[in-house]
Amino acid sequence: MYTAIGYAAQSATAPLAPMTFQRRSPRADDVAIEILYCGVCHSDIHQARNEWGIAVYPLMPGHEIVGKVTAVGANVSRYQVGDLVGVGCMVDSCRHCEACQADLEQYCLEGPTMTYATPDRVDGSNTMGGYSSSIVVSEHFVVRIPQGLDLPSAAPILCAGITTYSPLKHYGVKAGDRVGILGMGGLGHMGIKFAKAMGAEVTLFTRSPGKAEEARRQGADHVIVSTDAAQMQAAAGCFDFLLDTIPVQHDLNPYLETLTFDGVHILVGLIEPVDPALHAANLVMKRRVLAGSLIGGIAETQEVLEFCAEHGISCDIEMLDIGNINEAFSRMIAGDVKYRFVIDMATLKA
Ligand code: NDP
Ligand code: ZN
């Protein structure tokens with residue numbers, strides 16, 4: 001064990017504050033990582049404030065981690081001291097169930113061990129995330145940062161990137177498909193870039209008319225202001241896929257009506273009951289599909305990093321001093337960030 005430092009919430013109503021804690025020494029298959037950068041995901045806010053009802057305190061968020069390997073366990077074969085690596089939303093899973101065998105660790109039948117606020121499978125301790133100086137993770141859950149990617153702007157690929165890439169790929173989005181991205185925050189702006197790179201005609205649905213020009217700069221071909229009923233009605237039957245990153249309850253019905261027959265509405269932002277209720281006719285009458293998707297497996301996370309390097313895709317970021325993390329949470333809720341905060345972990349030592 002060794003002493004690490006990070007920012008954690010002590011309760012659902014407490015702001016994040018510095019905390020020292022114990023990290024384990026690397027086990028045989030572990031990689032120890034000095035964290036250089038960590039993205040700030042809206043999930044970090046949901047969890048710190050216990051909005052999903054599953055938080056465990058102290059809660060140290062952070063699952064968009066980029067850093068440098070500082071030590072490896074005796075059985076580690078893929079990484080060496082000095083390698084630039086990433087860690088996303090998971091740090092372990094059962095590794096033998098059907099999902100794990102299919103490289104879909106996020107759907108592990110026994111439940112994956114998340115990067116924070118989950119009991120470690122070996123010692124039962126509460127996992128602590130990337131708002132910290134270092135982390136120790138089994139090499140299976142570590143990915144390599146490809147050459148050519150800027151390190152800070154690569155960090156959000158570990159969650160915002162894989163979460164949007166994985167469903168677009170799973171549903172086979174291809175050239176000519178009409179894809180709508182709902183909400184342009186951290187996930188949404190990556191969704192626009194990926195859908196565009198896959199050849200789709202991309203539309204941003206936003207509640208913020210002021211984002212229209214920015215969305216076009218990100219690659220969107222069209223923008224629909226979702227609060228304008230006339231614009232929503234004019235889009236009836238126009239879309240093959242919707243990727244919904246909105247982080248709060250919202251009416252799905254007007255969006256479903258913009259899908260063509262067989263169209264697919266993929267939820268990634270919402271893990272609460274759908275409210276207001278879904279009108280089943282919006283699915284039944286057009287054989288439409290309402291789907292969900294959770295991050296992506298480790299192999300696919302490596303794949304999306306390579307995809308970004310190959311296609312010159314990176315996340316638009318604003319660098320953050322960790323001392324300003326609580327203000328950053330407030331700004332994210334207000335939609336005031338283009339489009340991801342990334343903590344410069346050097347500011348933690350300061
Ligand atoms: P951000 O806060 O960066 O962006 C969310 C965007 O949604 C906003 O920019 C805004 O876009 C829109 N939005 C925000 N509030 C509202 C509202 N009240 N009504 C309508 N639209 C709103 O969040 P992230 O991109 O980091 O995360 C999005 C969601 O995805 C979160 O709930 C997060 O927990 C979840 N998530 C899910 C994952 C998964 O595996 N399924 C993985 C990672 C995150 P605009 O102004 O353009 O409308
Ligand atoms: Zn996330």
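His 46 lies in helix H1; helices (H or I, at least four residues) and strands (E, at least two) are DSSP runs, numbered from the N terminus. At 6% relative accessibility, His 46 counts as buried. Buried means under 20% relative accessible area, exposed over 50%, and partly exposed in between (1.4 Å probe, protein chains only). Beyond residues up to four places away in sequence, His 46 touches Glu 51, Trp 52 and Pro 247; contact means heavy atoms within 4.5 Å.

This is a predicted model: local features need pLDDT of at least 70, side-chain atom pairs count only at pLDDT 80 or more, and totals for chains, interfaces and linings use all residues. Residues are numbered from 1 along each chain as its sequence is written, chains are lettered from A and ligands numbered from 1 in the order in which they are written, and side-chain values use heavy atoms, with hydrogens and water left out.

**Domains**

- The domain assignment gives domain 1 (2-159 + 296-349) and domain 2 (161-292). Such bounds come from an automatic or database domain assignment.
- The C-alpha centres of domain 1 and domain 2 lie 27 Å apart.
- Across the boundary, 23 residues of domain 1 are in contact with 21 residues of domain 2.

**Nonpolar cores**

- The largest nonpolar core has 94 residues. A nonpolar core is a set of buried Ala, Val, Leu, Ile, Met, Phe, Trp, Tyr and Cys residues joined through side-chain atoms within 4.5 Å.
- Val 40, Tyr 131, Phe 194 and Ile 325 have the most contacts inside this core.
- Strand E3 (residues 30-40) supplies the largest share of the core, 6 residues.
- Domain 1 and domain 2 both give residues to this core, so it lies between them.
- Another core, of 14 residues, lies apart from it; Leu 182, Met 232, Leu 259 and Leu 283 are among its members.
- In soluble globular proteins, nonpolar side chains tend to be buried together.

**Tyr 131**

- Tyr 131 sits in the loop between strand E7 (113-114) and strand E8 (134-138).
- Tyr 131 counts as buried, at 0% relative accessibility.
- Tyr 131 and Met 60 are 71 residues apart along the chain, and their C-alpha atoms are separated by 6.4 Å.

**Helix H4 and its contact with H10**

- The axes of helix H4 (residues 160-170) and helix H10 (residues 298-311) come within 10 Å and cross at roughly 95°. Axes are lines fitted to C-alpha atoms, for helices over the stretch in contact, and angles run from 0 to 180 degrees between N-to-C directions.
- H4 contributes Gly 161, Ile 162, Tyr 165, Ser 166 and Lys 169 to the contact, and H10 contributes Glu 300, Thr 301, Glu 303, Val 304 and Phe 307.
- By class, the contact has 4 nonpolar, 3 polar and 3 charged residues. Ala, Val, Leu, Ile, Met, Phe, Trp, Tyr, Cys and Pro count as nonpolar, Asp, Glu, Lys and Arg as charged, and the others, Gly among them, as polar.
- H4 is mostly covered, with 9 of its 11 residues buried.
- The cover over these buried residues includes strand E10 (178-182), helix H5 (186-197), strand E13 (239-244), strand E14 (259-267), H10 and strand E17 (340-344).
- Just after H4, Gly 172 takes a positive phi of about 70°.

**The loop between H1 and E4**

- Ala 55 is in the loop between helix H1 (42-48) and strand E4 (65-72).
- At 18% relative accessibility, Ala 55 counts as buried.
- Leaving aside neighbours within four places in sequence, Ala 55 is in contact with Gln 47 and Asn 50.
- Pro 58 lies in the loop between H1 and E4. The peptide bond from Tyr 57 to Pro 58 is cis, with omega near -5°.

**Further backbone features**

- A cis peptide bond also joins Asp 275 and Pro 276, with omega about 5°. Pro 276 lies in the loop between E14 and helix H9 (281-284).
- Arg 95 is not a glycine, yet its phi is positive, near 75°. Arg 95 is found in the loop between strand E6 (90-92) and helix H2 (98-101), and at 33% relative accessibility counts as partly exposed.
- Arg 287 has a positive phi of about 50° although it is not a glycine. Arg 287 is found in the loop between H9 and strand E15 (289-292), and at 59% relative accessibility counts as exposed.
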